[in-house]
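Please look over the structure shown here before reading on. The briefing that follows takes up its sheet, its cores and its charged pairs in turn.

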Amino acid sequence: MMDIVMPRLTDSMEEGTILAWLKQDGDSVAIGDELVEIETDKASMVYEADAEGVLKILVGEDETRPIGETIATVGEGSSETPSQNGKVPDEEASVEEPEVADKPAPETVPEPDSGNDVRVKASPLAKRIAADEGIDLKSVHGSGPNGRIVKADLTKTATRTEPVTAASAEAGAAAAKAGPSEAKKGEVETVELTRLQQLISRRMSESKATAPHFYLRTEIDMTRAVEVRTAFKEAAAKGESVPSFNDMVVKATAMALRHHPRANGTYRDGRVELYSRINVGFAVAADDSLVVPTIGDADQKDLREIAVESRRLAERVRSGEITPPELAGGTFSISNLGMFGVRGFDAVINPGQAGILAIGEIAERPVVRGGKIVPAHLMEISLSCDHRILYGADGAEFLAEIKSNLEEPGLLA
């Protein structure tokens, strides 16, 4: 009999919540079978069985356990009563009728009817819950990126009738007690954060509270980079990945990190830790969260390799298929809001790193060259630094090298 323990799926994970068992109690499992979906501090991930035998579930869905705690066993036979923690598997009868409820089956659920060509965008978990609960995804409003339906949207759908009414009544009473100022705000709808959102909130608060941030800002002339990318697009074969401006920033930053090791480290327990590898993470919006997949050894990859890798990772985040190794090991992070028309912003440092780079939009603006006003493609970037490991001059020199690399993009190839 082998214990299945709550795995450490990310560097910062301390505990995990079981979202769904993908096998039922008493099922036979083989090595590599998808066993359980676990919510970590960064994303929801599927954990595969690393042993074969009969599954005995010890911890039910929606329950949270610290890493290392046994959540199930896999071994020979399973004659004992399944659960020790209350909510676990339903009845024994369900073990004999497993064909409906426990399969992840995203293909069978929300595809559009033949006469109604509307494609429903939903996360794999949302599709599975919809199948289990009999919810028509076409009737659900998605709050994720591009209207994608996520788990929280289904929760709202399932509980919309009575609880919201009760909450509204309580909110109205609270507003009445709060006085005229609060009452002017109207009814208050309380939205509970998912566990992932709670963890992100806690980690960002801890980062701002414990890491003394300071910010450096500069503007980069991306005119040459625009020309180089245009040439890449014209020369690319059909279906070939063309490096984006974000890919150029990743490469330019990785090259600069090579010469500024303190920016590729962290402050921990009164000491400075410097990392030998340069792994650059880039923020990707996911369902109700923000995930930072990592391009490992980014300084050793050429621009086209970074382009291919970043496309692959971003797609895996959006499809909910990203795995722990693809999120782990980041030594520096980049956040880009330029595609939303944001001119510039300051990002919060990812704990365990010395800084983070925030990227704004590229816009054509007038500049003075040789006494004349000419157009140029300018981009604002901001470097957030942990003052315990990076001082002003350190950060300024690091930022200047990134700027130089991007203004001479021939260096990036």
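Which residue in E18 is the bridge partner of His 213? In E18, that partner is Asp 386. The model is a predicted one, in which local features need pLDDT of at least 70 and side-chain atom pairs count only at pLDDT 80 or more, while totals for chains, interfaces and linings use all residues. Residues are numbered from 1 along each chain as its sequence is written, and side-chain values use heavy atoms, with hydrogens and water left out.

**The sheet**

- Six strands make up an open sheet with mixed pairing, in the order E9-E18-E17-E16-E12-E15; strands (E, at least two residues) and helices (H or I, at least four residues) are DSSP runs numbered from the N terminus, and two strands pair if DSSP finds at least two bridges between them.
- The edges are formed by strand E9 (213–221) and strand E15 (294–295), each of which pairs on one side only.
- E9 is paired with E18 in the antiparallel sense over 9 bridges, and E17 and E18, which also run antiparallel, are joined by 13 bridges.
- Leu 357 has Leu 383 as its bridge partner in E18, and E17 and E18 form a hairpin with 2 residues between them, where Gly 370 in the turn has a positive phi of about 60°.

**The nonpolar cores**

- The largest nonpolar core has 69 residues, of which Trp 21, Leu 357 and Leu 406 touch the most other members; such a core is a set of buried Ala, Val, Leu, Ile, Met, Phe, Trp, Tyr and Cys residues joined through side-chain atoms within 4.5 Å.
- Helix H7 (residues 245–259) gives the most to this core, contributing 8 residues.
- Apart from this core lies another one of 8 residues, among them Val 120, Ala 126, Ala 130 and Leu 137.
- Not counting residues up to four places away in sequence, the residues that Leu 357 touches include Val 249, Phe 332, Leu 383 and Leu 399, where contact means heavy atoms within 4.5 Å.

**A buried residue in a loop**

- Asp 27 has its place in the loop between strand E2 (15–21) and strand E3 (28–29), and Asp 27 is buried, with a relative accessible area of 11%; buried means under 20% relative accessible area, exposed over 50%, and partly exposed in between (1.4 Å probe, protein chains only).
- A polar atom of the side chain of Asp 27 lies 2.9 Å from the backbone nitrogen of Gln 24.

**Salt bridges**

- The structure holds 20 salt bridges, each being a side-chain nitrogen of Lys or Arg within 4 Å of a carboxyl oxygen of Asp or Glu.
- One of them joins Glu 326 and Arg 312, with the closest N and O atoms 2.8 Å apart; because Glu 326 lies in helix H9 (residues 324–327) and Arg 312 in helix H8 (residues 303–318), the pair ties together parts that are 14 residues apart in sequence.
- Glu 326 counts as buried at 11% relative accessibility, whereas Arg 312 is partly exposed, with a relative accessible area of 35%.
- Glu 407 and Lys 403 meet through their side chains in a salt bridge (3.2 Å, N to O), and both lie in helix H10, 4 residues apart, about one turn of the helix.
- Salt bridges that share partners also join Glu 309, Arg 312, Arg 316 and Glu 326 into one network.

Conventions
Polar contact = N/O pair within 3.5 Å; in protein donor to acceptor, adjacent residues only side chain to side chain.
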